[in-house]
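Keep the sequence and the model side by side as you read.

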Amino acid sequence: MIDPLYVASGFGVGLLVGMTGVGGGSLMTPLLILLFGVHPSTAVGTDLLYAAATKTGGSVVHGWSRSVHWPAVLRLACGSIPASAVTLLVLWKLDLRSDSERSLVNLVLCFALLLTATSLIFRKSIMERYRGRLEQVDERTTAIATVVTGIVLGVLVSISSVGAGAVGVTVLLLLYPRLPMATIVGSDIAHAVPLTLVAGIGHWALGDVDWALMGVLLMGSLPGIIIGSYSATRVPETVLRLTLASVLFVVAGKIMFAELNLSSAFVTALAWTH
């Protein structure tokens, strides 16, 4: 029996992804944890493969349109893929079903959501402040900075499934100021495909993917992305960004509040036993 609420959630997230270009992880992972009570690790693993599937289509379109800067994609991947593999190895060693790992995923998720929301709100002012200076940076420094960015994204995405969208686009805009926006977005999506696929396969190996859930979410999200992409030009971009950033701040606050409540309950229980 297909739960219509999952299909509706997939559609809603797909719609927003199509309209804003921000990765579904920042919306789908918190939704699975908060609304459906899915274990954080399973939510992250399922969302990573869900993202790999949805972004492959976008990557093919951008590749066909020649709006991908492949040197930037390769540099990002040189950092993110090894970082993802190491992060997953560490998570495996930490025991993916423990309470401490649940807390780790939730805390990194909160940080990634706040980082995404901040980059959505302040992207324009950051660009105005630093773009001129960054245009003077030499090619070698840009290449090193891109690989380092890849490492940070690899760790963030592997633990929380969030960060490859808005954060990746903001950093690419700063590092490659001469590239048009369509190429920046296309490059970010093209890089997200191998990263989410590697991280997703890693989580699958750790037993953290719900395939049935992923299938139901895709049923809703694929039509949502098509409609969202069509509607994107009809809604003011600033309104979309600020609305999405507000939602992400609220979600991060809610996860953090739940985590603090859980920690205080654990401390109280520990005190009682002693």
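A residue counts as buried when its relative accessible area is under 20%, as exposed when over 50%, and as partly exposed in between. The model is predicted.

**Aromatic pairs**

Start with Phe36. Its relative accessible area is 18%, so Phe36 is buried by the under 20% cut-off.

How many aromatic pairs does the structure hold? There are 2. Tyr6 and Phe36 form a stacked one, with 4.1 Å centre to centre and 25 degrees between the planes. Tyr6 sits in helix 1 (residues 4-20), while Phe36 sits in the loop between helix 2 (25-34) and helix 3 (40-64). The pair therefore ties together parts that are 30 residues apart in sequence.

Trp204 and Trp211 make an edge-to-face pair. Here the centres are 5.4 Å apart and the planes stand at 85 degrees. Trp204 is partly exposed, at 48% relative accessible area. Trp211 is also partly exposed, at 42%.

| Pair | Geometry | Centre to centre | Angle between planes |
|---|---|---|---|
| Tyr6 and Phe36 | stacked | 4.1 Å | 25 degrees |
| Trp204 and Trp211 | edge-to-face | 5.4 Å | 85 degrees |

Why does the Tyr6 and Phe36 pair count as stacked? Its planes are 25 degrees apart, and stacked means under 30 degrees. The planes of Trp204 and Trp211 are 85 degrees apart, so that pair falls in the edge-to-face class, over 60.

**A loop serine**

Next, Ser161. It is found in the loop between helix 6 (139-160) and helix 7 (166-175). Is Ser161 buried or exposed? Ser161 is buried, with a relative accessible area of 9%.

**Ala43 in helix 3**

Ala43 lies in helix 3. Its relative accessibility is 0%, which puts Ala43 in the buried class. Which residues does Ala43 touch, leaving aside neighbours within four places in sequence? The contacts are Thr29, Leu32, Ile33 and Val38. Ala43 can also be placed against Leu213, which is 170 residues away along the chain. Their C-alpha atoms are separated by 9.6 Å.

**Val247 in helix 10**

Val247 belongs to helix 10 (residues 237-273). With 37% relative accessibility, Val247 is partly exposed. Val247 and Ser26 are 221 residues apart along the chain, and 9.9 Å separates their C-alpha atoms.

Key: Residues numbered from 1 in each chain as written. Predicted model: local features only at pLDDT ≥ 70, side-chain atom pairs only at ≥ 80, totals over all residues. Heavy atoms only, no water. Phe/Tyr/Trp six-rings, centres within 6.5 Å; stacked < 30°, edge-to-face > 60°. Helix = DSSP H or I, 4+ residues; strand = E, 2+ residues; numbered from the N terminus. Buried < 20%, exposed > 50% of the residue type's maximum accessible area, 1.4 Å probe, protein only. Contact = heavy atoms within 4.5 Å.
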